[in-house]
Amino acid sequence: MKILKPVFYSAVAITTLASCKTAYNKIAVPAGSNTIVNISAKKAALTDNEKENWQHLDLATDTIPGMSVNKAYDFLKGKKSVQVVVGVVDSGTDLKHEDLKDVAWVNTDEKAGNGIDDDKNGYVDDINGWNFLGKSYTEHLEYERILMKPSIADSETLAEVKAYQEEKVSEAKINKERYGQYLASVTKADEALTKYFGKPEYTQEEVLAVNTTDENLTKAVNTAKAMFGFGLPSLADAKKELTSLVEKADKTINGDNLKTDYRTVVGDNAYDINDKPGSGDNNTGHSEKGEAHGSHVSGIIGATRNNGKGMNGVANNVKIMAVRSVSDGDEYDKDVALGLRYAVDNGAKVINTSFGKAFSPNKEWVYDAIKYAASKDVLIVNAAGNDGKNIDVEKTFPNDAPDLITEVSDNFLTVGAMSANYNKDLPASFSNYGKKNVDVFAPGVQIYSTTPDGEYKKFSGTSMASPSTAGVAALIRSYYPQLSASQVKHILMNSGTKIDLMVTKPGSQSRENPEGELVPFSDLSVSGRVVNAYNALRMADRMVNGR
């Protein structure tokens, strides 16, 4: 992508380190190697350990297209690092989790619990970060908020929103019927299996072991298998999920989503960037157990390594700053902009933004915050989105190019999601893509990480690919702090593993075309690469040490 204006970083050379950093910032990032790893796709199923760790493995040695994190740590042995703060602008983060408590950022300039803004940064008792949502979590989608308050959008956006609403209602009617049919089938199957086993609760193993010639029971088993295939652990969970989807469709059809103002509890005007009374508090954790996104993202970046618990994060000398700005719905531009600025002002050198939406009425606040981060040499790593669409054509927010061509700064890296399949299914079917607006791909399917109350789960999404990349960015900034945010961005892009495969274009599969459309993987992003920690650190080392 073209750069609108080069971002120049200047500093008074008050120390030798500062003057050295200025010199290093002038070093051009090398072009990446075009060497292709030629291996056959792994045919054997992943072991349990590989399933929980695949994103850290190496394509050449493990035949699994991970980020070569384990190999990277072999390279780092004996090398010194500095601590790096990563801001996680997301939902609440459980920094009391067994695998996160030791990597929680602590504001040492603030005294806990005294009700005083000791460091005078505008946030009272912000020990681990800040919660811009206060006691709010449930929220509308942005298009719904615009329908509720048309004055917040311009006439062009309002017209787009009304057309979008018509599409959503039509989709909801179709979904209600489809999910209703699924729910009826699952309910009937659950009744049959409950009767067969003589108990209301039964395991997947028990279902898979059923051997019968009874037609109705066979249908029940096949229905259960289909639900298991969707990642649902039981028919009870399937009924709960399908009931929720039917109810959600009903609310869209009936307009129920437009009848409640969820923002009232926060106590501010969400469409006035300067109105902050009562907006937020220092409770950066999850408001309910289901608010797991921020915790999962944080674990991917920096869960304590080699402590014998749960899993290993990517970065080993990192502190996680929790910035609660993302609700169960669409985030407000105000919360995103203020969250980014908070993270920058309090020392974050990398910020992860795993969220997105279709409309952004105050996007200029976010663009200004991105440029502010650039002026402070902070890298923002951003999830591309999960709509299976080309974001060179269809906008998703946040982004760094108002016209989808010209970037506002060079410190914003957008990441698509890939799977553990080194074949045509390498890109995640849900991932957004774009030859101009997605910079690189990273692991984002069935990623094992921390969730609230000491638990661990596997989630999928570009929301997982972004922190995978942010973790590598933190490693580079930790071991090679002389390099700028812009340099780290381009190292991540240029050093990635080059992929020479024809793959299924995300979003191209349908009932009419179940195989989808095959395209070169290189057409899906700027770099045509997947993030590789080992290669990135080797490239950074050559830039700093000349070898």
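Is Glu171 buried, partly exposed or exposed? In this predicted model, select Glu171: its relative accessibility is 39%, so the residue counts as partly exposed.

The side chains of Lys168 and Glu171 form a salt bridge, with an N to O distance of 3.7 Å. Both residues belong to helix 6, which spans residues 155-197, and they are separated by 3 residues, about one turn of the helix. Lys168 has a relative accessibility of 24% and therefore also falls in the partly exposed class.

Remain on helix 6 and move to Asp190. A salt bridge joins Asp190 to Lys239, whose closest N and O atoms lie 2.8 Å apart. This pair connects distant parts of the chain, with Asp190 in helix 6 and Lys239 in helix 9 (residues 235-254), 49 residues apart. The two partners may be compared by accessibility: Asp190, at 11%, counts as buried because the cut-off for that class is under 20%, whereas Lys239, at 24%, is partly exposed.

Now select Asp256 and Lys259. These residues form a salt bridge in which the closest N and O atoms are 3.2 Å apart. Lys259 reaches 62% relative accessibility and so counts as exposed, the cut-off being over 50%. Asp256, at 31%, counts as partly exposed.

Key. Residues numbered from 1 in each chain as written. Predicted model: local features only at pLDDT ≥ 70, side-chain atom pairs only at ≥ 80, totals over all residues. Heavy atoms only, no water. Salt bridge = Lys/Arg side-chain N within 4 Å of Asp/Glu carboxyl O. Helix = DSSP H or I, 4+ residues; strand = E, 2+ residues; numbered from the N terminus. Buried < 20%, exposed > 50% of the residue type's maximum accessible area, 1.4 Å probe, protein only.
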